[in-house]
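My entries follow in the order I made them.

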Amino acid sequence: MPELPEVEVTRRAIAQVALGHVIDEAIVRVPRLRWDVPADLARVLAGRRVASVARRGKYLLVECTHTQRAPGWLLVHLGMSGSFTVVAADTPLRKHDHADLRLGDRVLRYHDPRRFGSIDWLPVATLAECEAHPLLAGLGVEPLSEQFTAELLWQRTRGRRVAIKQALLAGNIVVGVGNIYCSEALFRAGIHPAMQAQRLSRERAMRLVAAVRETLTEAIAAGGSSLRDFVSGEQEMGYFQVNARVYDRAGQPCRGCGNTIRKLLQGQRATYYCSVCQKR
Ligand SMILES: [Zn+2]
């Protein structure tokens with residue numbers, strides 16, 4: 001599943017290729033993904049200029065302006081298996097290539113085998129107005145923004161008996177800390193994933209915020225290194241290799257203390273941790 005780092009690198013790649021360019025043609029090949037794609041989307045998009053490319057959580061927001069038409073934003077989610085890649089305009093279609101935006105000799109191509117992604121059109125002018133949309137309104141703060149502070153995390157975990165990992169994954173305190181990054185950040189912060197959220201001290205909240213930022217920043221940097229190939233259309237962006245310290249390492253020795261990494265299920269998601277390095 002594309003996580004925040006993949007979506008952020010996708011955003012950067014789209015910005016690099018599309019910013020300031022006109023969408024010569026838009027093609028939508030499916031009537032619905034997770035839900036209906038607006039029926040008139042291809043007509044609405046053609047002739048518009050890409051004015052900015054933003055991200056909120058795992059949603060991509062492409063501002064598409066036109067001198068004679070009302071402003072609007074394309075809202076795209078990659079779902080479970082989606083990708084939005086840059087290819088040469090003459091690249092043959094594959095199965096599950098559901099939508100194209102052609103900008104000169106390049107195409108932004110939306111591909112999604114499982115169709116859990118979504119494409120919507122928001123007829124609003126500003127990013128702030130987009131954020132009022134029901135899909136975005138309940139989202140927590142961005143993990144790499146200044147809004148994600150130890151104080152906020154501490155406040156929002158008061159009175160919460162749920163496990164700290166569940167609280168982070170839920171997305172209503174902070175967005176985009178997916179399963180892999182959650183396990184890794186908790187390990188780096190020395191916090192047991194099953195610890196009750198309300199037991200998080202201010203000091204540990206500070207460590208956890210730093211660990212979340214570090215983990216995501218490293219993953220984005222790893223993905224960024226393949227950005228050039230991705231933009232040139234020579235390579236499809238895969239999932240980033242994170243140098244996992246605990247994730248998917250059950251039974252192997254902890255890199256911190258040598259103890260065996262354990263696995264537990266939380267809300268049907270696998271969590272990996274070291275019971276020596278991570279305290280409740
Ligand atoms: Zn350890």
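**Domains.** By domain bounds I mean those that come from an automatic or database domain assignment. The model is a predicted one. I looked up the assignment for the chain and found domain 1 at 4-137 and domain 2 at 150-273. I then took the distance between the C-alpha centres of domain 1 and domain 2, which is 28 Å.

**Nonpolar cores.** I asked which residues of the largest nonpolar core touch the most other members. They are Leu-45, Leu-74, Phe-84 and Ile-119, in a core of 30 residues. Helix α1, residues 4-18, gives the most to this core, with 5 residues. I also noted a second, separate core of 27 residues. Trp-154, Tyr-181, Leu-186 and Ile-191 are among the members of that second core.

**Strand β7.** My next entry concerns the surroundings of strand β7, residues 106-111. I counted 5 of its 6 residues as buried, so β7 is largely enclosed by the rest of the structure. I then looked for its pairing partners. Strand β5 (residues 83-88) pairs with β7 in the antiparallel sense, over 6 bridges. In that search I noted Ala-88, whose bridge partner in β7 is Arg-106. Strand β6 (residues 97-103) is also joined to β7 by 6 bridges, and the two run antiparallel. Here I noted Asp-100, whose bridge partner in β7 is Arg-109. The hairpin of β6 and β7 has 2 residues between the strands. In this hairpin Gly-104 takes a positive phi near 65°.

Most residues other than glycine have a negative phi. I therefore listed exceptions, and kept two for this entry. His-96 has a phi near 75°. I located His-96 in the loop between β5 and β6. At 26% relative accessibility, His-96 counts as partly exposed. The other entry is Gln-268, with a phi near 65°. Gln-268 is found in the loop between β9 and β10. At 76% relative accessibility, Gln-268 counts as exposed, the cut-off for that word being over 50%.

**Val-50 and a distance.** I looked up Val-50 and found its place in strand β2, residues 49-56. Val-50 has a relative accessible area of 3%, so I count Val-50 as buried. From Val-50 I took a distance to His-96, 46 residues apart along the chain. Their C-alpha atoms are separated by 24 Å.

**Zinc site.** Which residues coordinate the zinc ion? I found Cys-254, Cys-257, Cys-274 and Cys-277, each through SG, at 2.2 to 2.4 Å. Along the chain the donors follow the spacing C-x2-C-x16-C-x2-C. The pair Cys-257 and Cys-274 links distant parts of the chain, 17 residues apart. I placed Cys-257 in the loop between α9 (227-231) and β9 (262-266), and Cys-274 in the segment after β10 (269-273).

I next asked why the arrangement around the zinc ion counts as tetrahedral. The 4 donor atoms subtend angles of 98 to 115°, and the cut-off is that all angles lie between 85 and 135 degrees. The arrangement is therefore tetrahedral.

Cys-274 is buried, with a relative accessible area of 0%.

**Arg-262.** I located Arg-262 in strand β9. At 44% relative accessibility, Arg-262 counts as partly exposed.

**Disulfides.** How many disulfides does a search of the whole structure find? My search found 0. I checked Cys-130 as one case and found it in no disulfide. The nearest cysteine sulfur to that of Cys-130 belongs to Cys-64, 10 Å away, whereas a disulfide needs the sulfur atoms within 2.5 Å. Cys-130 counts as buried, at 1% relative accessibility.

Note on methods
Residues numbered from 1 in each chain as written. Predicted model: local features only at pLDDT ≥ 70, side-chain atom pairs only at ≥ 80, totals over all residues. Heavy atoms only, no water. Buried < 20%, exposed > 50% of the residue type's maximum accessible area, 1.4 Å probe, protein only. Helix = DSSP H or I, 4+ residues; strand = E, 2+ residues; numbered from the N terminus. Pairing = 2+ DSSP bridges. Donors = N, O, S within 2.8 Å, 3.2 Å for Na, K, Ca; no water. Tetrahedral: all angles 85-135°; square planar, octahedral: opposite > 155°, others 65-115°. Core = buried A, V, L, I, M, F, W, Y, C linked by side-chain atoms within 4.5 Å.
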